[in-house]
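Here is a short report for a reader meeting this structure for the first time. Please look over the sequence and the model before reading on.

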Amino acid sequence: MRTVLFASLRTYARRYAAAVVAVVAAVALIVVTNALTSATKSGLFAGIDAPFRNAVGAVDLPTEEVTQKYTEKGGWALAASMQPVRTDKAMLGQEVMVGAVSTEKRWQWQELEAGRFPTRAGESVVDANAAKTNKVAIGDTLRVGTGESAVETTVVGLVDAPSMWSSPVYVTWPEMQGWKNPYVQAVLTAGTGDEADKWLNTDDYLTELQTQLNKEVNVVAYMVLIFAFIALFVSVLVITNTFSILFAQRMRDFALLRAMGATKRQVLRSVRREALALGLLASVLGLVVGAVLGWGIVAIVRQLAETAPLGEVALEWPWLLSAFVLGTLTTLVASWLPTRRLMRLSPLAALRPQEGFDVRGAGMFRLGLGVLGTLAGIGIIFVAVGWDDAQTGMLIVLVGCGITFLGVMLLGPALVPGLVRLAGAGLARVAGSPAKLAAANAGRNPKRTAATAASLLVGVTLTTGVLTGMNTIRAATLDEMAEQHPIDIALQAESEPLADSVVGDAKAVPGVADAVAVPGALASVEAEGKPVPVPVVAPPAGDIALRDLTVKPGTMVLSPVAASAFVEDSFEASGEKVTLTVGDRTATVTLDVREIDGAAQISAATLRELTTDPQTYAVWVRADAGADPEDLAGTLGVLAPDAELINGKAQRAWVELQLDVFTWAVIGLLAISVLIALAGIANTLGLSVLERGREHALLRALGLTKRQLRRTLAAEAVLLSAVAAVVGTALGVFFAWGGSEILIGDMLPDARFDPPVLQLIGVVVVAGVAGLVSCVVPSKRATKVSPAEGLALD
Amino acid sequence: MTQTSVPTMTAAARAVGLTKTYGKGATEVHALRGVDLEIRRGAFTAIMGPSGSGKSTLMHCLAGLDRPTSGEVMVAGQPLQNLDDDQLTVFRRENVGFVFQAFNLLPMLTAGQNIQLPLELAGKRVTDETRARAQMIADTLGIGKRLGHKPSELSGGQQQRVAIARALVTQPAILFADEPTGNLDSETSAEVLDHLRRSVRELGQTVVMVTHEASAAAYADEVVTVKDGHIEGVTR
């Protein structure tokens with residue numbers, strides 16, 4: 001039987017192409033994931049201990065008091081803060097990470113590349129790479145921060161730092177303490193610390209930190225692995241189908257072997273070994289492809305972005321082994337069902353005329369189970385939608401989605417050919433007999449058609465589900481962002497009013513659609529017997545902001561941060577009454593605390609009560625839709641250097657970008673599954689072409705032109721992929737609806753279910769076009785055979 | 001007009017100096033070695049010969065399914081050698097009917113759909129007239145009641161009769177039958193051959209049948225014997 005095994009592998013190697021592609025893609029994805037995570041880890045861990053060289057121990061994420069306690073005793077805070085940074089010429093960035101650099105030698109852990117370390121406040125060092133890209137040199141003056149807490153600092157040195165602790169700019173610690181909330185990752189201690197503060201010695205601390213980072217990187221890796229498993233699942237479908245078709249075509253060979261005296265067991269073992277050989281080969285190939293891709297991607301990223309925290313790729317044995325085993329196992333599992341069918345084979349089949357293939361549809365049991373599953377799943381989703389607890393509800397929805405999907409897959413042999421026939425009848429009106437033939441072809445082997453469609457169904461359902469779900473979340477999140485940050489860019493005065501010229505200058509800046517001066521005053525509120533200065537503004541009516549911000553008379557709208565200056569519990573302060581004082585005039589207002597940008601807002605009437613001479617305390621800018629918010633902020637910031645610059649547009653754009661990046665990363669990973677499914681469609685079609693050689697010859701003899709034959713095959717591929725895409729989209733949108741209904745009302749109170757119609761149409765069109773592409777090779781092969789040759793085929 | 005056009009008027013198909021060579025060098029096989037043949041219009045011609053004699057190749061060349069290596073073929077007054085693949089396909093569609101030994105019908109279509117198929121491929125609208133004609137032919141062949149069945153639900157003889165009906169429905173200039181009784185028992189064979197002969201007698205259809213059975217050839221008006229790529233003889 002070994003001769004048979006090797007001969008079969010040689011003869012049918014090309015027909016296994018799709019199966020190999022599927023396994024290679026899934027295995028490679030696992031290996032690439034490992035390559036990227038290992039490079040990320042080695043990048044993060046490289047030099048992670050640099051700041052700790054002279055530390056006895058450290059406290060992770062210390063409170064303000066703990067930080068103060070140890071820094072006073074000669075310790076050092078590993079701190080950073082996001083601040084706007086500009087030179088006298090240009091804005092370097094609105095949100096630049098600014099780290100702390102010590103004036104003491106023992107905490108100067110950065111590596112000096114040029115110049116010297118700071119010796120006093122007002123001096124700073126800049127990361128050598130950041131200096132190069134931003135054209136900053138030693139001796140330049142930087143302005144870091146906004147408003148009155150901004151610091152002027154002179155660059156005295158260029159440094160390099162391990163990526164874990166690296167920031168583009170470092171200023172001295174005392175200067176940083178003036179900023180609202182610097183983030184302290186750890187406070188390093190010069191001596192031993194207290195257990196009560198969760199103090200750890202340096203070795204323990206670093207071990208702990210690495211474990212933590214490992215976990216964080218692994219979480220991302222495991223999320224990517226989900227997509228590898230989806231790809232593997234689709235692979236199972238594609239491979240099962242490939243084996244089913246191949247074995248059906250080779251039934252006569254097997255029967256001949258049986259007739260010649262091979263036992264059932266021998267035949268079975270031979271084909272299972274064939275599957276094993278295929279799985280091993282494809283998995284090895286997957287490892288190689290994955291390793292090459294992984295190294296390539298890391299090398300390219302490091303070339304393009306020098307500061308990216310990527311180190312050396314170090315593939316780990318457990319990962320490689322798992323990928324290899326999973327790939328091989330997938331192939332074996334997928335071949336199991338088709339090979340079992342061989343057990344029913346009788347030697348006599350060799351002597352009977354070949355009936356070609358298994359054309360039976362699905363049994364009543366399968367269809368019954370399918371109907372049951374689909375209905376049960378849909379029922380579960382509807383029940384879950386009304387669930388009170390969102391988390392449990394979400395879990396139930398997921399279960400419902402899974403059951404519905406399985407039900408639809410079981411129904412496939414009845415559902416898919418039926419829909420193809422329906423679509424084919426429509427297409428036949430425009431495309432004529434090729435479309436009719438194609439629809440009939442798709443219905444001739446319902447199980448095969450259904451299995452081919454199912455592989456594409458998985459990817460399309462997940463893609464459209466993610467697109468729809470994310471669209472709802474995205475709309476809700478952006479609405480909330482617009483609610484919180486309705487002003488594109490605001491220049492907010494702190495204690496001194498803005499110069500009258502600012503609004504005119506702002507209007508002249510390119511990219512500014514409109515700018516208004518917002519009247520206000522510096523009021524004060526009494527708290528614990530002392531007056532606390534509270535700048536107030538009276539928002540004007542009009543369309544300067546995304547919504548009307550005018551305040552009801554007698555109310556003061558302010559952020560919790562602003563409220564915390566004079567009330568105990570700022571989050572619970574809504575409804576409290578306070579008295580504002582400007583000079584000798586007063587006004588009592590009711591507080592309305594919510595997340596807003598800038599100074600406290602009152603009505604124009606209240607402002608008139610407080611002062612007869614309101615001054616410009618803010619300038620609000622509406623930007624052109626296409627204007628770059630960072631560029632705009634850079635230019636506007638220069639107009640009023642002492643004002644706080646609030647960039648609502650940039651914040652909205654940033655959130656939007658995050659949502660987009662997340663969505664497209666998921667879609668990109670799902671695309672791998674879709675590609676595998678398309679390889680499956682091409683394969684099914686290619687194998688069908690081989691099988692139908694005689695039929696095509698007959699059709700050609702009867703007067704079907706080459707072009708009509710190509711169109712027939714194209715129509716079959718397009719009908720199949722379009723039906724899978726439409727069914728998948730319907731499922732995906734329905735599943736997303738279930739998920740959104742749970743979120744709406746609980747986590748996203750103002751959200752509306754909002755399917756992205758254009759994107760969904762795009763998915764269906766792309767699937768159809770991809771189906772068209774997948775039939776190019778098979779149809780080329782089909783038309784190469786002349787009718788006379790075809791008729792001679794067995 | 002000229003003298004040469006006279007024989008084309010009486011011949012349904014004509015081959016002059018036909019050769020067909022497969023492969024090159026050592027593996028070269030001469031399937032046809034210079035065949036001259038004329039198929040009489042309105043007659044039932046049998047091409048006979050043992051397997052490997054070149055009779056199927058001859059039929060494929062006459063029917064425009066395959067191209068000869070050299071020589072000329074004229075069918076229904078149309079020389080085939082200058083037609084490209086598409087033109088040849090359309091020519092077959094309009095002028096030639098086929099009945100093969102097996103795999104004659106498309107398994108996913110019903111008998112009725114199989115019969116209508118050539119009309120559909122030609123992009124002709126299925127009218128009441130064509131439907132009536134198909135029904136008439138089917139009735140004549142005794143399969144009028146089985147048109148809703150798939151081929152797998154029909155017996156071998158019924159399948160061949162459906163194939164004959166399909167070949168007749170376009171009223172082709174010439175009908176080629178390639179071993180039409182090869183898979184049938186003697187009784188069913190006789191029925192099928194009888195149907196072929198009746199279509200010649202009653203409809204004036206030109207039929208060319210390739211066979212290796214003398215009993216089948218006995219139904220023909222003319223028997224052309226082929227051996228080793230030559231025509232050995234023609235009996236009337």
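How many helices and strands are there in chain A? Chain A has 23 helices and 19 strands. The model is predicted.

**Chain A as a whole**

The C-alpha trace of chain A spans about 110 × 60 × 45 Å along its principal axes. Chain A holds 794 residues, and 49% of them count as buried. Take the contacts in chain A with a separation of 6 or more: 82% of them join residues 24 or more positions apart.

Chain A is divided into domain 1 (1-46 + 225-352), domain 2 (57-191), domain 3 (412-486 + 648-794) and domain 4 (494-642). Domains 1 and 3 are each written as two stretches of sequence.

Now take domain 2 and domain 4 of chain A. Their C-alpha centres lie 31 Å apart. The contact between them involves 8 residues of domain 2 of chain A and 6 residues of domain 4 of chain A. On the domain 2 side, strand S2 (76-87) and strand S3 (91-101) of chain A are the elements that give two or more residues. S3(A) gives the most to that side, with 3 residues. By class, the domain 2 side has 3 nonpolar, 3 polar and 2 charged residues.

**Nonpolar cores**

In soluble globular proteins, nonpolar side chains tend to be buried together.

The largest nonpolar core has 200 residues. A:Ala22, A:Ala231 and A:Leu719 touch the most other members. Helix H20 (residues 706-743) of chain A gives the most to this core, with 19 residues. Where does this core lie? Domain 1 (1-46 + 225-352) and domain 3 (412-486 + 648-794) of chain A both give residues to it, so the core lies between them.

A:Leu719 shows the packing in detail. Leaving out residues up to four places away in sequence, A:Leu719 touches A:Val420, A:Ala423, A:Gly424, A:Leu427, A:Ala438, A:Ala439 and A:Ala442. Another core, of 104 residues, lies apart from the largest one. Its members include A:Phe117, A:Val126, A:Ala599 and A:Leu636.

**Strand pairs**

Strands of a sheet pair through backbone hydrogen bonds, either parallel or antiparallel. The table lists pairs from both chains.

| Strand pair | Sense | Bridges | Bridge partners |
|---|---|---|---|
| S12(A) and S18(A) | antiparallel | 8 bridges | A:Ala515 and A:Val621 |
| S1(B) and S2(B) | antiparallel | 9 bridges | B:Lys20 and B:Leu32 |
| S6(B) and S7(B) | parallel | 4 bridges | B:Val96 and B:Ile174 |

S12(A) and S13(A) also form a hairpin, with 2 residues between them. In the turn, A:Glu528 has a positive phi of about 50 degrees.

**The sheets of chain B**

One open sheet of chain B has 4 strands in the order S2-S1-S4-S5, with antiparallel pairing. Strand S2 (29-40) and strand S5 (78-79) of chain B are its edge strands, and each pairs on one side only.

Another open sheet of chain B has 6 strands, ordered S6-S7-S8-S3-S9-S10, with mixed pairing. Strand S6 (96-99) and strand S10 (230-235) of chain B each have a single partner strand, so one side of each is left without a neighbour in the sheet. On average, neighbouring strands of this sheet are turned by 20 degrees against each other, direction ignored.

Helix H2 (residues 55-62) of chain B touches both sheets. H2(B) packs on the sheet of 6 strands, touching strand S3 (44-48), S7, strand S8 (207-211) and strand S9 (222-227) of chain B. The direction of H2(B) makes about 155 degrees with that of S8(B). H2(B) also lies across S1, S2 and strand S4 (70-75) of chain B, at about 125 degrees to S1(B). Helix H7 (residues 186-203) of chain B lies across S3, S7 and S8 of chain B, running at about 155 degrees to S8(B).

**Where the chains meet**

The contact takes 22 residues from chain B and 20 residues from chain A. On the chain B side, helix H3 (85-95) and helix H4 (111-121) are the elements that give two or more residues. H3(B) gives the largest share, 6 residues. By class, the chain B side has 13 nonpolar, 3 polar and 6 charged residues.

Notes: Residues are numbered from 1 along each chain as its sequence is written. Chains are lettered from A and ligands numbered from 1 in the order in which they are written. This is a predicted model: local features need pLDDT of at least 70, side-chain atom pairs count only at pLDDT 80 or more; totals for chains, interfaces and linings use all residues. Two residues are in contact if their C-beta atoms, placed from the backbone, lie within 7 Å. Ala, Val, Leu, Ile, Met, Phe, Trp, Tyr, Cys and Pro count as nonpolar, Asp, Glu, Lys and Arg as charged, and the others, Gly among them, as polar. A residue is buried if 20 or more other C-beta atoms lie within 10 Å of its own, exposed if 12 or fewer, and partly exposed in between; C-beta atoms are placed from the backbone. Domain bounds come from an automatic or database domain assignment. Two strands pair if DSSP finds at least two bridges between them. Axes are lines fitted to C-alpha atoms, for helices over the stretch in contact, and angles run from 0 to 180 degrees between N-to-C directions. A nonpolar core is a set of buried Ala, Val, Leu, Ile, Met, Phe, Trp, Tyr and Cys residues joined through C-beta atoms within 7 Å.
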